[in-house]
Amino acid sequence: MTDIGILGVGRVGTNLAGGLSAAGHHVTLGGRSPEDIAARTTGLVPRIAFADRLRLAPPRP
């Protein structure tokens, strides 16, 4: 599926990420601080990546 990046981990961002991930998309969330991300994203689908934990990598084929 598609790689999607979402900036913002409020209600809209996390709900959007959960729905897109459940539909099979690869989702990366980004927020202002790691504390915001950790506090607001507990229980999300494990397929969602977090921008503060990523390293630069080549694009997926």
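How many bridges link strand β2 and β3, and in which sense do the two strands pair? Hi everyone, let's start there. The model I'm showing is a predicted one, and in it β2, covering residues 26–30, pairs with β3 in the parallel sense over two bridges. One of the residues to look for is T28, whose bridge partner in β3 is A49.

Now let's step back to the fold. The protein has two helices and three strands, and along the sequence they come in the pattern β-α-β-α-β. The three strands make an open sheet, ordered β1-β2-β3, with parallel pairing.

Next, a glycine I'd like you to find on the screen: G8. Look in the loop that connects β1 (3–7) with α1 (11–22). Is G8 buried, partly exposed or exposed? Its relative accessibility is 27%, which lies between the 20% and 50% cut-offs, so G8 counts as partly exposed. Leaving aside residues up to four places away in sequence, G8 touches G13, L29 and G30.

The protein has 61 residues, and 26% of them count as buried. The accessible surface is about 4500 Å², with 58% of that belonging to carbon and sulfur atoms. Among contacts with a separation of 6 or more, 33% join residues 24 or more positions apart.

Conventions
Residues numbered from 1 in each chain as written. Predicted model: local features only at pLDDT ≥ 70, side-chain atom pairs only at ≥ 80, totals over all residues. Heavy atoms only, no water. Helix = DSSP H or I, 4+ residues; strand = E, 2+ residues; numbered from the N terminus. Buried < 20%, exposed > 50% of the residue type's maximum accessible area, 1.4 Å probe, protein only. Contact = heavy atoms within 4.5 Å. Areas by Shrake-Rupley, 256 points an atom, 1.4 Å probe, with all protein chains shown as cover. Pairing = 2+ DSSP bridges.
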